[in-house]
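Subject: Structure handover

Hello,

Here is the structure I promised to pass on. Please open it first, then read my notes beside it.

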Amino acid sequence: MNKGELTKAVAAESGLSQSDAGKAVDAVFDAIAGAVKDRQQVAIAGFGTFSAKTRNARTGRNPATGEEIKIPEKTSAAFKPASALKDL
């Protein structure tokens with residue numbers, strides 16, 4: 001399912017127009033992305049938890065030359081599904 005299909009499903013389930021459902025879907029995604037960007041956790045009961053995860057800096061190797069390189073610390077988004085979602 002892509003974003004367009006999700007918007008259509010929300011519109012059908014809620015009785016909203018596709019335009020309003022699209023705005024609602026966008027608002028939810030923007031709220032989750034903003035919270036994760038601010039390093040806050042978003043927990044949705046029965047669905048899962050969105051959070052920011054930090055990978056520590058480390059030393060790696062260039063596969064072409066074998067030379068050691070420093071890989072900087074990186075923050076990315078993470079999702080952990082709730083047990084109710086896993087059971088589906």
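This is a predicted model: local features need pLDDT of at least 70, side-chain atom pairs count only at pLDDT 80 or more; totals for chains, interfaces and linings use all residues.

Start with α1 and α2. Helix α1 covers residues 3-14. Helix α2 covers residues 18-37.

Now look at how the helices meet. Two packed helices are described by the angle between their axes and the distance between the axes. Here the axes of α1 and α2 come within 8 Å and cross at roughly 115 degrees. The crossing of α1 past α2 is right-handed. On the α1 side, the contact is made by K3, L6, T7, K8, V10 and A11. On the α2 side, Q18, A21, G22, V25, D26 and F29 take part.

Is T7 buried or exposed? T7 has a relative accessible area of 12%, under the 20% limit, so T7 counts as buried. Beyond its neighbours within four places in sequence, T7 is in contact with Q18, A21, G22 and V25.

**Salt bridges**

How many salt bridges does a search of the whole structure find? There are two.

One joins the side chains of D26 and K3, at 2.5 Å from N to O. D26 lies in α2 and K3 in α1, so this pair ties together parts that are 23 residues apart in sequence. Both partners are partly exposed: D26 has 29% relative accessibility, and K3 has 44%.

Not counting residues up to four places away in sequence, K3 touches V25, D26 and F29. K3 and V25 are 22 residues apart in sequence, yet their C-alpha atoms are 8.3 Å apart.

The other salt bridge is between E68 and R61. Their closest N and O atoms are 3.4 Å apart. R61 is exposed, with 55% relative accessibility.

In soluble globular proteins, nonpolar side chains tend to be buried together. The largest nonpolar core here has five residues: I32, A35, V36, V42 and A52. Helix α2 gives the largest share of this core, three residues.

Which residues of α2 are buried? They are A21, G22, V25, I32, A35 and V36.

Leaving aside its neighbours within four places in sequence, V42 is in contact with I32, A35, G48, T49 and F50. I32 and A35 are also members of the core.

Look next at R39. It sits in the loop between α2 and β1. Most residues other than glycine have a negative phi. R39 is not a glycine, but its phi is positive, at about 65 degrees.

R55 is in strand β2. R55 is partly exposed, with a relative accessible area of 42%. Which residues does R55 touch, beyond those up to four places away in sequence? R55 touches E73, K74 and S76. For a sense of scale, the C-alpha atoms of R55 and G34 are separated by 20 Å. Those two residues are 21 residues apart along the chain.

A77 is in strand β5. Is A77 buried or exposed? Its relative accessibility is 64%, over the 50% limit, so A77 counts as exposed. A77 still has contacts: not counting residues up to four places away in sequence, A77 touches V36 and S51. V36 is one of the core residues. A77 and K37 are 40 residues apart in sequence and 8.3 Å apart in space, C-alpha to C-alpha.

Best wishes

Technical notes. Residues are numbered from 1 along each chain as its sequence is written. Side-chain values use heavy atoms; hydrogens and water are left out. Helices (H or I, at least four residues) and strands (E, at least two) are DSSP runs, numbered from the N terminus. Buried means under 20% relative accessible area, exposed over 50%, partly exposed in between (1.4 Å probe, protein chains only). Contact means heavy atoms within 4.5 Å. A salt bridge is a side-chain nitrogen of Lys or Arg within 4 Å of a carboxyl oxygen of Asp or Glu. A nonpolar core is a set of buried Ala, Val, Leu, Ile, Met, Phe, Trp, Tyr and Cys residues joined through side-chain atoms within 4.5 Å. Axes are lines fitted to C-alpha atoms, for helices over the stretch in contact, and angles run from 0 to 180 degrees between N-to-C directions. A crossing is left-handed if the near helix is turned anticlockwise from the far one by less than a right angle, and right-handed if clockwise.
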